[in-house]
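Thanks for making the time this morning.

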Amino acid sequence: MARMYYDSDANLDLLANKTVAIIGYGSQGHAHALNLKDSGVNVIVGLYPGSKSATKAKEAGLEVYDVAEAAQKADWIMILLPDEVQKSVYKNEIEPHLTEGKVLFFAHGFNIHFAQVVPPANVDVVMVAPKGPGHLVRRTYEQGEGVPCLFAVYQNASGQARDRAMAYAKGIGGTRAGILETTFREETETDLFGEQVVLCGGLSALIKSGFETLVAAGYQPELAYFECLHEVKLIVDLIVEGGLAKMRDSISNTAEYGDLTRGPRIVTDETRAEMRKILQEIQSGQFAREFVLENQAGKPGFTAMRRREAEHHIEEVGKDLRAMFSWLKKD
Ligand SMILES: NC(=O)C1=CN([C@@H]2O[C@H](COP(=O)(O)OP(=O)(O)OC[C@H]3O[C@@H](n4cnc5c(N)ncnc54)[C@H](OP(=O)(O)O)[C@@H]3O)[C@@H](O)[C@H]2O)C=CC1
Ligand SMILES: CC[C@](O)(C(C)=O)C(=O)O
């Protein structure tokens, strides 16, 4: 059984007298910067001139610099830019400032594992990857809790890389929830698989297909939305709290019987074969190559797909319904 590490296993003192540059202030960047600051760490933020995020970071009381200046000032540098821009920002603005003893952090292994970023041998290269969206990383920290994180060492120039990664994880609240050791390769491949097959790709496809089936059969779109999208969170909360058993304990016997007898008809041998194919595309680098080239070409397919998805009927129905939910927290 893999070991989880908690607060008492990590030493925040390793961050004393260090300046940590958070490069990027989006979903993860704002959460890491604010959590580290609240943990007593000296944090600065690196962004490009004219960045929308710079105003938010300044309003939160953080010092903001151009990426190169932040990388030069910092001892520890965490890259929280979109994966597709990391290669060029790293090459032009970060690499020239990677002097002996610095630590380069990532929250996802994509650019190291697929060799888009190749750091010099004189720095530690580590990963602290929260297993949740940035807004939860911040919200749970403020509530005195945290989001579980994965951590990994790719390069240990100082001999302290592992302890440093664990200290950073503590600074963002990860060791409150528990952190688990991995490798850059394992994190990258499992993360891509999870987001493509289950969490984002698979779940969105399932939700849309369920909605479309009910609407095509003449049911009200609002009911289809509640059944196929809204209740997903309520069910998933139970699963996360106590596994499938807790969810099945809470739902009616009718729902449980339907789950056990009809669920397996949705994920067939054909679906499982497709899952293995998607995993193989990840492991071989085929997905990474496609994503890199799509971005180099200016995202033509990505943009078209985003537009098409935004116009889906379920999005229109959901927008109208959610506007009536006064209790719904809006970020
Ligand atoms: N989203 C998540 O919850 C998770 C993300 N990760 C990983 O974290 C990393 C960051 O992802 P995420 O937080 O989603 O990113 P976001 O897209 O939310 O934020 C990116 C930030 O980088 C800034 N930025 C964009 N281009 C540049 C540039 N050329 N130079 C400087 N700054 C730039 C953006 O500024 P502006 O907005 O002003 O353009 C923004 O502040 C990725 O490696 C991702 O895989 C890992 C776990 C979960
Ligand atoms: C599930 C998406 C994710 O992998 C995450 C929030 O962990 C991401 O990269 O955003």
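The shell around ligand 2 in this predicted model divides into 3 nonpolar residues, 1 polar residue and 2 charged residues. The residues concerned are Gly 132, Pro 133, Asp 191, Glu 195, Leu 199 and Cys 200. Taken alone, ligand 2 exposes 290 Å², and the protein buries 59% of that area. As for polar contacts, a polar side-chain atom of Glu 195 lies 2.6 Å from an oxygen atom of ligand 2, and a polar side-chain atom of Asp 191 lies 3.2 Å from an oxygen atom of that ligand.

Let me turn to the other ligand. Ligand 1 is surrounded by 24 residues, and the closest are Tyr 25, Tyr 48, Ser 51, Ser 53 and Asp 83. By class, this shell holds 12 nonpolar, 10 polar and 2 charged residues. Which helices each supply at least two residues of the shell around ligand 1? They are helix H1, which covers 27-38, helix H2, which covers 52-59, and helix H4, which covers 83-94. The largest share of the shell comes from H4, with 4 residues.

The contacts I would point out at ligand 1 involve the protein backbone. A polar backbone atom of Tyr 25 is 2.8 Å from an oxygen atom of ligand 1; for Gln 28, a backbone N or O atom lies 2.8 Å from an oxygen atom of the ligand; and for Lys 52, a backbone N or O atom likewise lies 2.8 Å from a ligand oxygen. Taken alone, ligand 1 exposes 910 Å², of which the protein buries 75%.

Why can we call strand S7 largely enclosed by the rest of the structure? The reason is that 7 of its 7 residues are buried, so the rest of the structure largely encloses the strand. In a regular strand, side chains alternate between the two faces of the sheet. Asp 124, Val 126, Val 128 and Pro 130 point one way from S7, while Val 125, Met 127 and Ala 129 point the other way, and all of them are buried.

The neighbours of S7 can be described through their bridges. Strand S6, residues 103-106, is joined to S7 by 4 bridges, and the two run parallel; here Phe 106 stands opposite Met 127 in S7. Strand S8, residues 149-155, is joined to S7 by 6 bridges, and these two run antiparallel; in this pairing Ala 129 stands opposite Leu 150 in S8.

Val 43 is itself buried, with a relative accessible area of 7%. Val 43 and Val 64 are 21 residues apart in sequence, and the distance between them in space is 9.6 Å, C-alpha to C-alpha. Strand S2, residues 19-23, runs parallel to S3 and is joined to it by 5 bridges, with Ile 23 standing opposite Gly 46 in S3.

Finally, the aromatic rings. How many aromatic pairs does a search of the whole structure find? The search finds 10. One of them is formed by Phe 226 and Phe 325, a tilted pair with 6.0 Å centre to centre and 40° between the planes. Phe 226 lies in helix H11, residues 221-250, and Phe 325 in the segment after helix H16, 313-323, so the pair ties together parts that are 99 residues apart in sequence. As to accessibility, Phe 226 counts as partly exposed at 31% relative accessibility, whereas Phe 325 is buried, with a relative accessible area of 8%.

The rings of Phe 287 and Phe 291 have their centres 6.1 Å apart and their planes at 10°, so this pair is stacked. These two residues are 4 residues apart in helix H14, residues 286-296, and are therefore separated by about one helical turn. Phe 287 counts as partly exposed, at 24% relative accessibility. Phe 287 and Phe 291 also belong to one aromatic cluster together with Phe 110 and Phe 114.

Methods: Residues are numbered from 1 along each chain as its sequence is written. Chains are lettered from A and ligands numbered from 1 in the order in which they are written. This is a predicted model: local features need pLDDT of at least 70, side-chain atom pairs count only at pLDDT 80 or more; totals for chains, interfaces and linings use all residues. Side-chain values use heavy atoms; hydrogens and water are left out. A residue is near a molecule or strand if one of its heavy atoms lies within 4 Å of it. A polar contact is a pair of N or O atoms within 3.5 Å; within protein, one must be able to donate a hydrogen and the other to accept it, and residues adjacent in sequence count only if both atoms are side-chain atoms. Accessible areas come from the Shrake-Rupley method with a 1.4 Å probe; for residues, only the protein chains shown count as cover. Ala, Val, Leu, Ile, Met, Phe, Trp, Tyr, Cys and Pro count as nonpolar, Asp, Glu, Lys and Arg as charged, and the others, Gly among them, as polar. Buried means under 20% relative accessible area, exposed over 50%, partly exposed in between (1.4 Å probe, protein chains only). Two strands pair if DSSP finds at least two bridges between them. Rings of Phe, Tyr and Trp (its six-membered ring) pair if their centres lie within 6.5 Å; planes under 30 degrees apart count as stacked, over 60 as edge-to-face and the rest as tilted.
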